[in-house]
Amino acid sequence: MSIEKKEFKPKIVAFCCNWCSYAGADLAGSSRLSYPADVKIIRVPCSCRVNPMFILRAFEKGADGVIMCGCHPGDCHYSTGNYYARRRMTLLFSMLDYIGVENGRTRVEWVSAAEGVKFSDTMNSFVEKIYSLGENVRLGDLRCRS
Amino acid sequence: MKYSYYPGCTLRTKAKELDDYARASAKALGFELEEIEDWQCCGGVYPLGTDEIANKLSCVRALNAAKEKGQELVTVCSACHHVMKRVNDDMRNVEDICTRANNYMELDEPYKGETDVLHFLEVLRDKVGFDELKKKVVNPLKGKKIGAYYGCLLLRPGKILAFDDPENPKIMEDFIRAVGAEPVIYPYRNECCGGYISLKEKDMAKSMCDKITESAEGFGADMLITACPLCMYNLNKSSVREIPVVYFTEILAEALGVKESCCKEEKEVQA
Amino acid sequence: MQRIGVFVCHCGSNIAATVDVAKVAEMALMEPGVVHAEDYQYMCSEAGQAKIADAIHEKKLSGIVVCSCSPRMHEATFRKAAERAGLNPYMVEIANIREHCSWIHKDMEEATKKAVILMRAAVAKVNLNTPLKPGESRVTKRALIIGGGIAGIQTALDIADAGYEVDIVEKTPSIGGRMSQLDKTFPTLDCSACILTPKMVEASAHEKINIYTYSEVEKVSGFVGDFTVDIRKKARSVDMDKCTGCGVCQEKCPSKKAPSEFNRGLNTRSAIYTPFAQAIPNVPVIDREACIKFKTGKCGICSKVCQAGAIDYEQKDEIITEKYGAIVVATGFDTINLDKYDEYAYSQSKDVITSLELERVMNAAGPTHGHLERLSDGKAPKEMVFIQCVGSRCSDDRGKPYCSKICCMYTAKHAMLIRDKYPDVNVTVFYIDVRTPGKNFDEFYRRAVEQYGVNYIKGQVGKVIPQPNGKLLVQGSDLLDNKQILKEADMVVLATAIEPNPDVRKIATMLTASIDTNNFLTEAHAKLRPVESPTAGIFLSGVCQGPKDIPETVAQAGAAAVKAIGLLAKDKLMTNPCTAHSDELLCNGCSTCENVCPYGAITYEDKEVNDHGIREVRRLAVVNSALCQGCGACTVACPSGAMDLQGFSNRQIIAEVDAICR
Amino acid sequence: MGAKKKQAEMIEEISGVNPLKCMKCGKCSATCPSYNEMDIKPHQFVSYVINEDVESLVNSKSLWKCLSCFACVERCPRDVKPGKLIDAARQMVVRKREQNYLTPDEIPELLDPELPQQLLVSAFRRYRR
Amino acid sequence: MQELINRAKELLENGTVARVLGWKAGDLPYNPEPAYFESAESLKDFVYNGFCGANLSKYMIEASKLEGKTLVCLKPCDTYSFNQLIKEHRVDREKAYIIGVGCKGKLDIEKIRNQGVKGIESIQGAEITDAADELKIQTIYGEKTVAYADAMLERCHVCKGKEHKIFDEEIGESKETKDGERFDEVSRIEKMSPAEKFAFFQKELSKCIRCNACRNVCPACSCRKCVFDSNKFDSSQKANVDSFEEKMFHIIRAFHVAGRCTDCGECSRVCPQGIPLHLFNRKFIKDIDELYGEYQAGDDTDSKAPLTNYTFEDAEPSIVGKRG
């Protein structure tokens, strides 16, 4: 198992909203709740700022998993942002699944500023899932020019 | 209304009356208990080890049989009910157990906890309705002060069995009211009778049952009702008290006026 | 091309112990645009900030990346430092290599690699940063306090004393809150009413304070400095201006069977009532559910006996709309419902009560007029058992995972008071831990043991067993003696867990203030900004933020007031410049963005544009940057990509993605 | 890995219990109807597993006094489930050959005419492999 | 067809409309092209037949900027697109005089060719008024016949219905052509393994030559400037063959029109490489229908689009994995 992990170092992009999830990640950090270094966080003001283009871009550039975290539905700092994000991501993930990017590689999780433990648990389980799925199909190869 | 029915081994033998009264009452109340074919013993206690699969298969078979008929599965014996509900919960919520059990079973379609398990009392409460039951009572047990004895198996763990509040249940009390008697609430009604310990530790079981009967009598109960043959055995066997203990189905049959017919059939069979 | 400086902070050993900071700085120099990189012990220190300023001057930096702690911590610090050195503050980006890296990883190589990637992402972003200029918005010099308990009253008094208008909105008919229900307070055993009532009177008499009792917040819109709030004043059925508070109506009211909320349902009250004698305002309300007039149309006795003619059965709910610059939440707490804890027989025996109920029993104005007696038969108890941590420190869904904090102390108080007043009553306390951090707290608890002979047993109770003789058999553990104890008691008191007022979730949603899984409002920073919500302009006072006792509550109330005053003292606020902006040449005028904007900040106008020589009038989206809060919903909804967010532009985020996936 | 550690881990695995969740409140011992018959008390089970002294646990009388009545499981505020822990210890004993607590030859003397099958099957499952 | 021409003449002559947006014959018998007619005389070149498949709604964006009304011929399915454009403020209803023309299914020359018909000289039976079930095709090799239904575009087999959603008047009879299920093909792909799915789309998308025909014809792709042509997303590096845009073009395009696409099928019709591009759009439509309730873009001009709407109880994104 450990050897396998050495060989495959997944690239995982996490989009976190500034108000809840990024703060939740900070709390995980200050509580020293570890999760694999494969996860890199990008701060966005709200989950509704996450353009599907960003996620496609990540996959096309070789990401093995993309996770988006936001405030719990009903708790969005901007009232409604995560409701829009929820629909967008549902449809996008379904499309990605449709073109062969396993659903396990995409995830949305609602993490509040107080949920450091949930943040680290989520990242651990997500990374574990990515390891079990292995390297992603390169979306960059979706259209090859022969 | 038809339900799949899992009587369990004790109801076939030592607790025949628990079964007979249940069936007769069901008939009087307008639902049918359709016994599952070729059922096997549930084992009496739920295997607690997370790695136990084989011991749960007899339950899975029964549950799947009910699923195939598209029926809910009804039990009367507390122990069967306990084991059945917990195994079903495993099949629903514990992926590992579900997968492994299905690997053994080799069913056409894997069983994933689709069947709903109901205790006979739950059928009375949630399907028939105690108000409805009250209307069908022809022989109300007026003036009787009855203590409900729940024991452990019906109630705990509360989250999985989801039968009633494990610390302050009221389903049997409501039942007692529905058949026209007066329920006696006493604090030991959800304490253990000693269960299987009575096989090797008679004194332990005895002292436990003493507490139960003493408390019930103290609060004025004339009799106790139970849904469990083992509770019945322990309470009858071990207690120094004289308080009678009967199955809840017996007072149900009596209130519905079908008790006599039951006994008659029995006698005929014996004759 | 930008000229970027990268500054890597050691944060003492917090970062440097797991991240090779020198290596991060070295790698930074290889990134495009980076002309300067250095690492330093504490970047946030004065010396560290001076290094940034020096580099800005010497190397003519146009952008800065600080690799340090979370931007939520020091982004503002570094932005100010850059501004002082003449750089636009929005040319600063933070790479969070502490909370998101050094603190959660152990392997140095791995952590350093990650830190380098986070640095790269920040550099890639800064390369696309543009200077931003904040706008300005006005501040309404009026504060709203939600909740009229001790927390709300104290905050209101402090703000009002500073010269600002304050409105208190209280849900019940009187201010006073939980504290008004308490008999005595620890650790000095002051009479609760004696210290609270003067504050209530002061608040009601204060010319700057306006109190809305029997009222609730219905709708909140706007933002820091400029909130608009709808307050529902529920129909009191009594004219506040006419009522003299004589109390005759309550005396004569024939419907006296409604459970008294103030006495926790231990006795009853009339349908027209004030919750307690010292209520403020001293104007009763009619409980329309209990009132015979409202139920049957007959009666009307209160109206007949009221000499002032204050009774008004026709009164309707009224909506008041008011503007505020700051809002303080002080919604307080309640005890949890004990339905799921019936092993303690709370619902089965009248003699099993909660501690808050005991406060009412001990209080002279309570259901037993202050006599300690069993509620079942009125007999004086001889044996009292207290059970601690009922529903607190519980990880299953029956109770609360946190420590309710106040129970150890109030139980010591109760035990002491009982032993003092009734020396023949034995008091036993079953506890898991006795927690007494606080000034004079442990001394207080020791007095209960040493001076008053309260019997403390370490162990939890498994079951309370009502006996046919009316006594209660308490079956518990004595862990130190390794015994199971059966103790016969006359009364059992449960130290019931406290939880935030159930309404707070609704209020938090209206305020867009964050709230945790236990329904406590989240503070902006646990240590550095403990009385502010992350939502600007919202402040937290009292138990709504976390369990606390009265001294702590009053202290926090004052702190919240100071923060609110600091805001109200400003005439104008700088607004967040990270707002949406529409590119006129790309906008289709399709209205999609308008549909998703939660602030109504986008409108459409017909404007003439010059599109590469073609002049025409087009329907275009226009963002009102004073209203825009910068969420970005519109940017994703926009099909043509015309809408973008300053500070988090599409290109900036894509640059970050690219840097991470490189 | 030491044999002791292995045993402790095995208990945790079979029971699915994390003993570290225990906050030592003693509610299990306050609840247990068999408390007085037990030599190792319910609240102590976790310590034996944490201290990797499974040996003492499997040799204790408590193993055969637990009724599996789940009162401790129901009331535990930390979701520790001492009843499952002790059952796991019992399983470790009966799963070993010749270690059954109940042998067929002792049964006839334990029987009486009213004894329900349920009692026998239950006892068999708890006491035997 | 004559009825259409007569009416157009009348409206031009009485000044109701300033021009007519219709069709004139192309260089081959099966490629008529959209054309403006500004006088009654010019209408002599007007044609309308089964090969007039193009959706003229999009032309109305530019026509809306012209003086006076434009008469436009819209098939039932085109009217959805027109409605959607009204909703997005891209066309001016007042500037359009819509004649809803009947439809008995539109023809696909590739389908005819695929049946081995070569060297086509003329085709009979494709006229709008002709109720023929067969096409008589004169080829250099003699006369061939092809069943009308076998020559129809894929979209006509799963037709949304022959009702015009918006019109000023209707001309010509329609005939039901639906004989298939719209989402069958999508469902088939959904059941594939991830590797199979990827292989399927890789094979299809690798044919793409980025001619932009799909984008240019799409009535939902009506942006003044496409994101792919602006540098807002760093997605316009035309020189870079390995660029993001090249790889993700169709997925992004499908997402951009999700909830707005009426499933008019023009993208697939015009693709010179025969890529079934509608499979992306239909996947979104199917998901939207299943998760948020049935929604047909262009059914009306005022409902909220699924992606600018929400309910508190919407499914979580994890539903994608749970649906299996």
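The notes below go from confidence to chains, then to cores and single residues.

**Entry 1: confidence**

I started by reminding myself that this is a predicted model. For the complex, the predictor reports an ipTM of 0.73 and a pTM of 0.79. I then looked up chain E, where the mean pLDDT is 87 and 94% of the residues reach 70 or more. Where pLDDT is low, the predicted coordinates should not be read in detail.

**Entry 2: who touches whom**

Which chains share the most contacts? I found that, of the 6 pairs of chains in contact, it is chains A and C. On the other hand, chain B and chain E have no contact joining them, and their closest C-alpha atoms lie 14 Å apart. Chain D and chain E do not touch either, with 26 Å between their nearest C-alpha atoms.

**Entry 3: chain C on its own**

I gave chain C a page to itself. Its 662 residues are 54% buried, and I counted 18 helices and 34 strands in chain C. The C-alpha trace of chain C spans about 90 × 65 × 40 Å along its principal axes. I also checked the sequence range of the contacts in chain C: of those between residues at least 6 apart in sequence, 70% join residues at least 24 apart.

**Entry 4: chain C against its partners**

Back to chains A and C: 43 residues of chain C are in contact with 45 residues of chain A. On the chain C side, helices H3 (71–84), H4 (98–102), H5 (108–126), H17 (633–637) and H18 (650–661) each supply at least two residues. Which helix gives the most? My note says H18(C), with 8 residues. By class, the side of chain C that touches chain A has 21 nonpolar, 14 polar and 8 charged residues.

Next I looked at chain B, where 8 residues of chain C are in contact with 6 residues of chain B. That side of chain C divides into 4 nonpolar, 2 polar and 2 charged residues.

**Entry 5: the nonpolar cores**

The largest nonpolar core has 176 residues, and A:Val13, C:Val6, C:Val24, C:Ile64, C:Val65, C:Cys67 and C:Met119 are those with the most contacts inside it. H5(C) gives the most to this core, with 11 residues. Domain 1 (4–126) and domain 5 (580–645) of chain C each contribute at least three residues to this core.

I zoomed in on C:Val65. Beyond its neighbours within four places in sequence, C:Val65 is in contact with C:Ile4, C:Val6, C:Glu93, C:Ala95, C:Met119, C:Ala122, C:Val123 and C:Val126. There is also a second, separate core of 128 residues, which includes B:Leu124, B:Leu153, D:Cys72 and D:Phe124.

**Entry 6: a helix in chain E**

I then followed helix H3 (residues 76–87) of chain E. Its 12 residues reach 18 Å from first C-alpha to last, close to the 16 Å expected at 1.5 Å a residue. Is H3(E) buried or exposed? I found 12 of the 12 residues buried, so H3(E) is largely enclosed by the rest of the structure. Those buried residues pack against helix H2 (59–63), strand E3 (70–74) and strand E4 (96–101) of chain E. Just after H3(E), E:His89 takes a positive phi of about 60°.

**Entry 7: one glutamate in chain B**

Last, I located B:Glu52 in the loop between strand E2 (32–35) and helix H3 (57–69) of chain B. Why do I list B:Glu52 as partly exposed? Because 16 other C-beta atoms lie within 10 Å of B:Glu52, and a residue counts as buried at 20 or more and exposed at 12 or fewer. B:Glu52 and B:Arg100 are 48 residues apart in sequence, with 9.9 Å between their C-alpha atoms.

Methods:
Residues are numbered from 1 along each chain as its sequence is written. Chains are lettered from A and ligands numbered from 1 in the order in which they are written. This is a predicted model: local features need pLDDT of at least 70, side-chain atom pairs count only at pLDDT 80 or more; totals for chains, interfaces and linings use all residues. Two residues are in contact if their C-beta atoms, placed from the backbone, lie within 7 Å. Ala, Val, Leu, Ile, Met, Phe, Trp, Tyr, Cys and Pro count as nonpolar, Asp, Glu, Lys and Arg as charged, and the others, Gly among them, as polar. Helices (H or I, at least four residues) and strands (E, at least two) are DSSP runs, numbered from the N terminus. The expected span of a helix is 1.5 Å times one less than its number of residues. pLDDT is the predictor's confidence in each residue, from 0 to 100. A nonpolar core is a set of buried Ala, Val, Leu, Ile, Met, Phe, Trp, Tyr and Cys residues joined through C-beta atoms within 7 Å. Domain bounds come from an automatic or database domain assignment.
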